[in-house]
Amino acid sequence: MAVVKPVVLRSMKRALRNLGGEKAPVIAGHKLLYRCNLECQMCPFWRREDEELLGLADEIRIMEALARAGVSFLGFEGGEPLLRRDVGDILREAHARFHTSLVTNGWLLEHRLPEIAAHLDLLFVSIDGIGATHDRLRGIPRSFERAVQGMRASREEVPTVISHTMTRENLDHAERVVELAEQLDISLTVQVAYDYRTASPMSPERDPLRRAIERLRDLRKSGAPLLESVEYFDTILGSWYEGRPWRCKPWLTINIDPSGRIVLPCYVLQEYHGSLPVWDTDIRELWNSFAWTPYESCNKCALACYLEPSLFRWTDFTNVRERVIDGAVHYVQRTARTSSRATAGQLIQIESPTA
Ligand SMILES: C[S@@+](CC[C@H](N)C(=O)[O-])C[C@H]1O[C@@H](n2cnc3c(N)ncnc32)[C@H](O)[C@@H]1O
Ligand code: SF4
Ligand code: SF4
(Lines give C-alpha, C1' and ligand atoms only; values in the text may rest on other atoms or scores of the structure.)
(Ligands and ions follow the chains in the order given, each with its own letter.)
Protein backbone atom coordinates (compact mmCIF):
# COMPACT_ATOMS: atom_id res chain seq x y z
CA MET A 1 0.00 0.00 0.00
CA ALA A 2 1.32 3.44 -0.88
CA VAL A 3 2.49 5.50 2.08
CA VAL A 4 1.01 9.00 2.25
CA LYS A 5 3.66 11.45 3.45
CA PRO A 6 2.63 13.71 6.38
CA VAL A 7 3.25 16.75 4.22
CA VAL A 8 0.62 15.56 1.72
CA LEU A 9 -1.93 14.94 4.49
CA ARG A 10 -1.21 18.43 5.81
CA SER A 11 -1.87 19.94 2.37
CA MET A 12 -5.21 18.17 2.16
CA LYS A 13 -6.26 19.26 5.66
CA ARG A 14 -5.24 22.83 4.95
CA ALA A 15 -7.16 22.83 1.66
CA LEU A 16 -10.29 21.87 3.58
CA ARG A 17 -9.68 24.63 6.13
CA ASN A 18 -9.22 27.17 3.33
CA LEU A 19 -12.39 25.99 1.64
CA GLY A 20 -14.16 26.57 4.96
CA GLY A 21 -12.99 30.22 4.90
CA GLU A 22 -10.24 29.82 7.49
CA LYS A 23 -6.88 31.44 6.73
CA ALA A 24 -3.80 29.23 6.93
CA PRO A 25 -0.26 29.54 5.55
CA VAL A 26 0.83 27.19 2.76
CA ILE A 27 4.39 28.34 2.24
CA ALA A 28 6.96 29.45 4.79
CA GLY A 29 10.02 31.58 4.15
CA HIS A 30 12.70 31.66 6.80
CA LYS A 31 15.72 33.92 6.86
CA LEU A 32 18.47 31.95 8.56
CA LEU A 33 20.52 35.12 9.10
CA TYR A 34 20.83 38.64 7.74
CA ARG A 35 24.59 38.61 7.35
CA CYS A 36 26.00 38.26 3.88
CA ASN A 37 29.28 37.98 2.00
CA LEU A 38 28.08 40.20 -0.88
CA GLU A 39 26.87 43.81 -0.85
CA CYS A 40 24.05 44.11 -3.35
CA GLN A 41 22.91 47.64 -4.06
CA MET A 42 19.17 46.93 -3.88
CA CYS A 43 19.30 44.74 -0.77
CA PRO A 44 18.73 45.96 2.79
CA PHE A 45 19.70 42.81 4.66
CA TRP A 46 23.51 42.77 4.64
CA ARG A 47 23.47 46.30 6.07
CA ARG A 48 21.86 45.23 9.35
CA GLU A 49 23.66 45.21 12.66
CA ASP A 50 25.18 42.08 14.09
CA GLU A 51 22.66 39.49 15.11
CA GLU A 52 22.14 36.51 17.37
CA LEU A 53 21.25 33.30 15.62
CA LEU A 54 19.31 30.26 16.69
CA GLY A 55 20.79 26.81 17.06
CA LEU A 56 19.52 23.59 15.52
CA ALA A 57 17.16 22.74 18.41
CA ASP A 58 15.32 26.04 18.00
CA GLU A 59 15.29 25.70 14.23
CA ILE A 60 13.50 22.37 14.74
CA ARG A 61 11.00 24.04 17.09
CA ILE A 62 10.24 26.51 14.29
CA MET A 63 9.69 23.66 11.84
CA GLU A 64 7.35 21.85 14.20
CA ALA A 65 5.29 25.00 14.75
CA LEU A 66 5.06 25.52 10.98
CA ALA A 67 4.03 21.92 10.40
CA ARG A 68 1.29 22.25 13.05
CA ALA A 69 0.02 25.37 11.24
CA GLY A 70 -0.31 23.35 8.03
CA VAL A 71 2.73 24.62 6.08
CA SER A 72 3.90 22.30 3.28
CA PHE A 73 6.75 24.24 1.65
CA LEU A 74 9.66 25.71 3.58
CA GLY A 75 12.09 27.98 1.77
CA PHE A 76 15.33 29.16 3.34
CA GLU A 77 17.00 32.45 2.58
CA GLY A 78 18.78 35.32 4.25
CA GLY A 79 21.29 37.08 4.14
CA GLU A 80 23.37 34.32 2.71
CA PRO A 81 22.20 30.96 4.10
CA LEU A 82 25.31 29.08 3.00
CA LEU A 83 27.36 31.12 5.47
CA ARG A 84 25.84 29.03 8.26
CA ARG A 85 27.97 26.09 9.28
CA ASP A 86 24.88 24.10 10.31
CA VAL A 87 22.88 24.67 7.11
CA GLY A 88 23.16 20.98 6.15
CA ASP A 89 21.72 19.85 9.49
CA ILE A 90 18.91 22.40 9.28
CA LEU A 91 18.02 21.31 5.75
CA ARG A 92 18.06 17.62 6.68
CA GLU A 93 15.53 18.27 9.46
CA ALA A 94 13.43 20.47 7.21
CA HIS A 95 13.34 17.95 4.38
CA ALA A 96 11.96 15.29 6.74
CA ARG A 97 8.94 17.56 7.28
CA PHE A 98 8.45 19.77 4.18
CA HIS A 99 9.20 20.30 0.53
CA THR A 100 12.29 22.49 0.74
CA SER A 101 14.10 25.19 -1.17
CA LEU A 102 17.01 27.54 -0.59
CA VAL A 103 18.10 30.73 -2.31
CA THR A 104 21.79 31.58 -2.44
CA ASN A 105 24.11 34.04 -4.11
CA GLY A 106 26.17 31.03 -5.21
CA TRP A 107 29.55 32.16 -3.88
CA LEU A 108 29.92 29.13 -1.59
CA LEU A 109 27.69 26.82 -3.59
CA GLU A 110 30.18 24.42 -5.11
CA HIS A 111 31.92 24.03 -1.75
CA ARG A 112 28.74 23.43 0.34
CA LEU A 113 26.83 21.36 -2.21
CA PRO A 114 27.62 17.92 -0.72
CA GLU A 115 26.01 18.98 2.59
CA ILE A 116 22.81 20.42 1.14
CA ALA A 117 21.91 18.76 -2.17
CA ALA A 118 20.14 15.69 -0.79
CA HIS A 119 17.85 17.81 1.39
CA LEU A 120 16.54 20.20 -1.23
CA ASP A 121 13.69 19.95 -3.71
CA LEU A 122 14.74 23.17 -5.39
CA LEU A 123 17.76 25.45 -5.31
CA PHE A 124 17.59 29.08 -6.43
CA VAL A 125 20.78 30.91 -7.42
CA SER A 126 20.61 34.68 -7.88
CA ILE A 127 21.88 36.11 -11.15
CA ASP A 128 21.30 39.80 -11.81
CA GLY A 129 22.94 40.12 -15.20
CA ILE A 130 25.80 38.72 -17.20
CA GLY A 131 29.42 39.17 -16.05
CA ALA A 132 30.35 42.69 -14.99
CA THR A 133 26.72 43.83 -14.67
CA HIS A 134 26.03 41.15 -12.07
CA ASP A 135 29.31 41.89 -10.25
CA ARG A 136 28.58 45.62 -10.14
CA LEU A 137 25.06 45.12 -8.74
CA ARG A 138 26.32 42.56 -6.24
CA GLY A 139 29.23 44.76 -5.15
CA ILE A 140 31.92 42.05 -5.29
CA PRO A 141 34.15 41.05 -8.25
CA ARG A 142 33.90 37.44 -9.50
CA SER A 143 30.48 36.87 -7.96
CA PHE A 144 29.05 36.04 -11.42
CA GLU A 145 31.80 33.55 -12.16
CA ARG A 146 31.40 31.85 -8.75
CA ALA A 147 27.60 31.64 -9.10
CA VAL A 148 27.81 30.08 -12.57
CA GLN A 149 30.48 27.64 -11.40
CA GLY A 150 28.16 26.71 -8.51
CA MET A 151 25.20 26.15 -10.82
CA ARG A 152 27.24 23.94 -13.17
CA ALA A 153 27.88 21.69 -10.18
CA SER A 154 24.45 21.94 -8.52
CA ARG A 155 22.33 21.21 -11.60
CA GLU A 156 23.73 17.67 -11.56
CA GLU A 157 22.52 17.12 -7.99
CA VAL A 158 19.36 19.13 -7.42
CA PRO A 159 16.83 21.00 -9.60
CA THR A 160 18.47 24.42 -9.92
CA VAL A 161 16.77 27.67 -10.90
CA ILE A 162 18.23 31.09 -11.67
CA SER A 163 16.55 33.81 -9.60
CA HIS A 164 16.79 37.09 -11.51
CA THR A 165 15.94 40.45 -9.93
CA MET A 166 15.18 43.20 -12.44
CA THR A 167 16.54 46.60 -11.43
CA ARG A 168 16.90 49.94 -13.22
CA GLU A 169 20.44 48.91 -14.16
CA ASN A 170 19.97 45.50 -15.69
CA LEU A 171 16.74 45.48 -17.72
CA ASP A 172 18.75 45.06 -20.89
CA HIS A 173 20.17 41.81 -19.47
CA ALA A 174 16.88 39.99 -18.80
CA GLU A 175 16.88 38.22 -22.15
CA ARG A 176 20.54 37.25 -21.79
CA VAL A 177 19.79 35.74 -18.39
CA VAL A 178 17.04 33.67 -20.04
CA GLU A 179 19.66 32.51 -22.56
CA LEU A 180 22.05 31.62 -19.73
CA ALA A 181 19.34 29.43 -18.17
CA GLU A 182 18.82 27.76 -21.54
CA GLN A 183 22.56 27.17 -21.97
CA LEU A 184 22.78 25.64 -18.50
CA ASP A 185 19.59 23.66 -19.17
CA ILE A 186 17.90 24.94 -16.01
CA SER A 187 14.86 27.14 -15.27
CA LEU A 188 14.64 30.71 -14.11
CA THR A 189 12.35 32.90 -12.07
CA VAL A 190 12.20 36.69 -12.22
CA GLN A 191 11.22 39.41 -9.82
CA VAL A 192 11.15 43.18 -9.87
CA ALA A 193 13.33 45.06 -7.37
CA TYR A 194 11.34 46.72 -4.64
CA ASP A 195 12.69 49.96 -3.10
CA TYR A 196 13.44 49.17 0.53
CA ARG A 197 13.92 52.25 2.72
CA THR A 198 17.33 51.02 3.85
CA ALA A 199 18.81 50.12 0.46
CA SER A 200 19.68 52.03 -2.70
CA PRO A 201 16.54 52.74 -4.75
CA MET A 202 16.91 50.37 -7.68
CA SER A 203 13.39 49.68 -8.87
CA PRO A 204 13.21 49.93 -12.66
CA GLU A 205 11.81 52.89 -14.54
CA ARG A 206 8.23 52.47 -15.61
CA ASP A 207 8.30 52.26 -19.39
CA PRO A 208 11.45 50.15 -19.85
CA LEU A 209 10.09 47.79 -17.18
CA ARG A 210 6.84 47.40 -19.07
CA ARG A 211 8.71 46.46 -22.22
CA ALA A 212 10.88 43.98 -20.31
CA ILE A 213 7.86 42.30 -18.70
CA GLU A 214 6.05 42.08 -22.03
CA ARG A 215 9.14 40.55 -23.60
CA LEU A 216 9.48 37.98 -20.80
CA ARG A 217 5.80 37.09 -21.10
CA ASP A 218 6.28 36.52 -24.84
CA LEU A 219 9.38 34.42 -24.21
CA ARG A 220 7.41 32.38 -21.64
CA LYS A 221 4.63 31.86 -24.20
CA SER A 222 7.14 30.60 -26.72
CA GLY A 223 8.62 28.07 -24.31
CA ALA A 224 11.43 29.85 -22.40
CA PRO A 225 12.17 27.99 -19.15
CA LEU A 226 10.53 30.62 -16.92
CA LEU A 227 8.74 29.31 -13.84
CA GLU A 228 6.29 32.22 -13.75
CA SER A 229 2.98 31.65 -15.45
CA VAL A 230 1.80 33.87 -18.33
CA GLU A 231 -0.95 34.96 -15.89
CA TYR A 232 1.75 36.22 -13.50
CA PHE A 233 3.15 38.61 -16.13
CA ASP A 234 -0.33 39.68 -17.25
CA THR A 235 -1.28 40.38 -13.64
CA ILE A 236 1.70 42.70 -13.09
CA LEU A 237 1.00 44.51 -16.35
CA GLY A 238 -2.69 44.83 -15.46
CA SER A 239 -1.98 46.17 -12.00
CA TRP A 240 0.86 48.59 -12.68
CA TYR A 241 -0.11 49.83 -16.15
CA GLU A 242 -3.83 49.32 -16.65
CA GLY A 243 -5.34 49.97 -13.22
CA ARG A 244 -6.49 46.38 -12.66
CA PRO A 245 -5.27 45.48 -9.16
CA TRP A 246 -4.72 41.90 -8.08
CA ARG A 247 -5.83 40.71 -4.70
CA CYS A 248 -2.81 39.91 -2.58
CA LYS A 249 -3.26 37.07 -0.10
CA PRO A 250 -0.20 37.51 2.09
CA TRP A 251 -1.58 35.01 4.61
CA LEU A 252 -0.71 32.15 2.26
CA THR A 253 2.96 32.77 3.06
CA ILE A 254 4.38 32.95 6.58
CA ASN A 255 7.76 34.58 7.18
CA ILE A 256 10.07 33.86 10.03
CA ASP A 257 13.02 36.13 10.79
CA PRO A 258 16.43 34.88 11.99
CA SER A 259 15.38 35.15 15.63
CA GLY A 260 12.28 33.00 15.10
CA ARG A 261 9.67 35.75 15.09
CA ILE A 262 6.85 36.02 12.61
CA VAL A 263 7.00 39.01 10.26
CA LEU A 264 3.67 40.35 8.99
CA PRO A 265 1.97 41.06 6.68
CA CYS A 266 4.79 39.96 4.39
CA TYR A 267 8.55 40.08 4.28
CA VAL A 268 8.54 43.21 2.14
CA LEU A 269 6.47 45.44 4.40
CA GLN A 270 7.50 44.00 7.80
CA GLU A 271 4.98 46.12 9.68
CA TYR A 272 4.50 43.67 12.52
CA HIS A 273 7.04 41.53 14.35
CA GLY A 274 5.63 39.02 16.78
CA SER A 275 6.89 39.51 20.33
CA LEU A 276 7.11 35.75 20.85
CA PRO A 277 8.98 33.13 18.86
CA VAL A 278 6.81 31.25 16.40
CA TRP A 279 6.76 28.11 18.56
CA ASP A 280 5.02 30.07 21.35
CA THR A 281 2.54 31.70 18.97
CA ASP A 282 -0.91 30.40 18.14
CA ILE A 283 -0.52 30.83 14.38
CA ARG A 284 -4.08 29.81 13.64
CA GLU A 285 -5.43 32.43 16.03
CA LEU A 286 -3.06 35.15 14.78
CA TRP A 287 -3.84 34.33 11.17
CA ASN A 288 -7.57 34.64 11.69
CA SER A 289 -7.44 37.82 13.80
CA PHE A 290 -4.79 39.88 11.96
CA ALA A 291 -6.16 42.85 9.97
CA TRP A 292 -5.19 41.63 6.48
CA THR A 293 -7.74 43.67 4.53
CA PRO A 294 -5.62 46.81 3.85
CA TYR A 295 -2.91 44.63 2.30
CA GLU A 296 -5.19 42.86 -0.14
CA SER A 297 -5.08 45.88 -2.47
CA CYS A 298 -1.42 46.76 -1.80
CA ASN A 299 0.05 45.76 -5.21
CA LYS A 300 3.43 47.25 -4.27
CA CYS A 301 5.57 44.26 -5.05
CA ALA A 302 5.53 41.56 -7.69
CA LEU A 303 7.21 38.81 -5.74
CA ALA A 304 6.28 35.48 -7.22
CA CYS A 305 6.22 33.83 -3.79
CA TYR A 306 3.24 36.08 -2.93
CA LEU A 307 1.70 36.82 -6.30
CA GLU A 308 1.57 33.30 -7.69
CA PRO A 309 -0.08 31.73 -4.62
CA SER A 310 -2.48 34.69 -4.52
CA LEU A 311 -3.62 33.82 -8.03
CA PHE A 312 -4.80 30.35 -7.22
CA ARG A 313 -8.33 29.55 -6.21
CA TRP A 314 -9.10 26.64 -3.91
CA THR A 315 -12.52 26.24 -5.49
CA ASP A 316 -11.06 25.68 -8.98
CA PHE A 317 -9.71 22.16 -9.00
CA THR A 318 -7.70 22.52 -12.22
CA ASN A 319 -6.08 25.54 -10.67
CA VAL A 320 -5.35 23.69 -7.44
CA ARG A 321 -3.78 20.81 -9.30
CA GLU A 322 -1.66 22.99 -11.58
CA ARG A 323 -0.56 25.53 -9.02
CA VAL A 324 -0.48 23.67 -5.74
CA ILE A 325 0.36 20.14 -6.66
CA ASP A 326 2.38 20.60 -9.84
CA GLY A 327 3.72 24.06 -9.28
CA ALA A 328 3.76 25.54 -5.78
CA VAL A 329 7.06 23.99 -4.84
CA HIS A 330 8.65 26.25 -7.41
CA TYR A 331 7.70 29.34 -5.48
CA VAL A 332 8.96 28.41 -2.10
CA GLN A 333 11.53 30.67 -1.68
CA ARG A 334 12.63 31.74 -0.26
CA THR A 335 13.72 30.92 16.69
CA ALA A 336 13.21 31.71 23.45
CA ARG A 337 16.44 32.07 24.41
CA THR A 338 17.46 28.56 25.42
CA SER A 339 20.65 26.62 25.80
CA SER A 340 20.55 25.89 22.09
CA ARG A 341 21.13 29.53 21.24
CA ALA A 342 24.54 29.97 19.71
CA THR A 343 26.55 33.05 18.96
CA ALA A 344 26.76 34.18 15.38
CA GLY A 345 30.50 33.51 15.50
CA GLN A 346 29.94 29.81 16.25
CA LEU A 347 27.38 29.41 13.52
CA ILE A 348 28.77 31.39 10.67
CA GLN A 349 31.51 30.29 8.41
CA ILE A 350 32.94 33.32 6.72
CA GLU A 351 34.86 32.91 3.53
CA SER A 352 36.42 36.07 2.24
CA PRO A 353 34.71 37.17 -0.98
CA THR A 354 38.09 37.94 -2.40
CA ALA A 355 39.37 34.37 -1.73
C1 LIG B 1 17.69 38.70 -0.08
S2 LIG B 1 18.38 37.47 -1.10
C3 LIG B 1 18.85 36.21 0.08
C4 LIG B 1 19.48 34.99 -0.54
C5 LIG B 1 20.85 35.17 -1.16
N6 LIG B 1 21.71 35.99 -0.42
C7 LIG B 1 20.72 35.62 -2.59
O8 LIG B 1 21.12 36.73 -2.92
O9 LIG B 1 20.19 34.83 -3.36
C10 LIG B 1 16.95 36.69 -1.87
C11 LIG B 1 16.57 37.31 -3.19
O12 LIG B 1 16.11 38.64 -2.96
C13 LIG B 1 16.49 39.41 -4.07
N14 LIG B 1 16.46 40.82 -3.73
C15 LIG B 1 17.41 41.54 -3.12
N16 LIG B 1 17.02 42.83 -3.00
C17 LIG B 1 15.79 42.91 -3.55
C18 LIG B 1 14.86 43.98 -3.75
N19 LIG B 1 15.13 45.23 -3.36
N20 LIG B 1 13.69 43.70 -4.34
C21 LIG B 1 13.40 42.43 -4.76
N22 LIG B 1 14.23 41.39 -4.60
C23 LIG B 1 15.42 41.63 -4.01
C24 LIG B 1 17.87 38.88 -4.41
O25 LIG B 1 18.25 39.20 -5.74
C26 LIG B 1 17.71 37.40 -4.18
O27 LIG B 1 17.33 36.75 -5.39
S1 SF4 C 1 23.67 38.25 -1.81
FE2 SF4 C 1 21.50 38.18 -1.19
S3 SF4 C 1 21.41 38.80 0.97
FE4 SF4 C 1 23.46 39.25 0.17
S5 SF4 C 1 23.39 41.38 -0.28
FE6 SF4 C 1 22.88 40.25 -2.15
S7 SF4 C 1 20.66 39.97 -2.21
FE8 SF4 C 1 21.25 40.65 -0.15
S1 SF4 D 1 1.67 43.14 -2.69
FE2 SF4 D 1 2.04 44.28 -0.76
S3 SF4 D 1 1.13 43.01 0.87
FE4 SF4 D 1 1.35 41.71 -0.96
S5 SF4 D 1 3.34 40.68 -0.66
FE6 SF4 D 1 3.70 42.53 -1.92
S7 SF4 D 1 4.25 44.17 -0.48
FE8 SF4 D 1 3.31 42.49 0.70
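Q: Helices (H or I, at least four residues) and strands (E, at least two) are DSSP runs, numbered from the N terminus. With that in hand, which strands each supply at least two residues of the shell around ligand 1?
A: Strand 3 (99-104) and strand 5 (160-166). Across the protein chain, the tally is 14 helices and 9 strands.

Q: What kind of model is this, and what pLDDT do local features need?
A: It's a predicted model: local features need pLDDT of at least 70 and side-chain atom pairs count only at 80 or more, while totals for chains, interfaces and linings use all residues. As for labels, residues are numbered from 1 along each chain as its sequence is written, and chains are lettered from A and ligands numbered from 1 in the order in which they are written.

Q: What makes a residue part of the surroundings of ligand 1, and how many are there?
A: The test is a C-beta atom, placed from the backbone, within 6 Å of the molecule. For ligand 1 that gives 19 residues, with Met42, Cys43, Ser126, Thr165 and Tyr194 the closest. By class they split into 10 nonpolar, 7 polar and 2 charged.

Q: Which residues count as nonpolar, and how does the shell around ligand 3 divide?
A: Ala, Val, Leu, Ile, Met, Phe, Trp, Tyr, Cys and Pro are nonpolar, Asp, Glu, Lys and Arg are charged, and the others, Gly among them, are polar. Ligand 3 has 13 residues around it, the closest being Cys248, Cys266, Cys298, Cys301 and Tyr306. Its shell comes out as 11 nonpolar, 1 polar and 1 charged.

Q: What about ligand 2: which residues surround it?
A: Among them are Cys36, Cys40, Cys43, Trp46, Glu80 and Arg138. Here the classes are 6 nonpolar, 3 polar and 3 charged.

Q: Why is Lys300 called partly exposed?
A: Buried takes 20 or more other C-beta atoms within 10 Å of the residue's own, exposed takes 12 or fewer, and partly exposed is in between, with C-beta atoms placed from the backbone. Lys300 has 15, so partly exposed it is. You'll find Lys300 in the loop between helix 11 (293-296) and helix 12. Leaving out residues up to four places away in sequence, Lys300 touches Tyr194 and Val268 (contact means C-beta atoms, placed from the backbone, within 7 Å). Lys300 and Cys248 are 52 residues apart in sequence, yet 9.8 Å apart C-alpha to C-alpha.

Q: What makes helix 12 mostly covered?
A: In helix 12 (residues 304-311), 6 of the 8 residues are buried: Ala304, Cys305, Tyr306, Leu307, Glu308 and Pro309.

Methods. Two residues are in contact if their C-beta atoms, placed from the backbone, lie within 7 Å.
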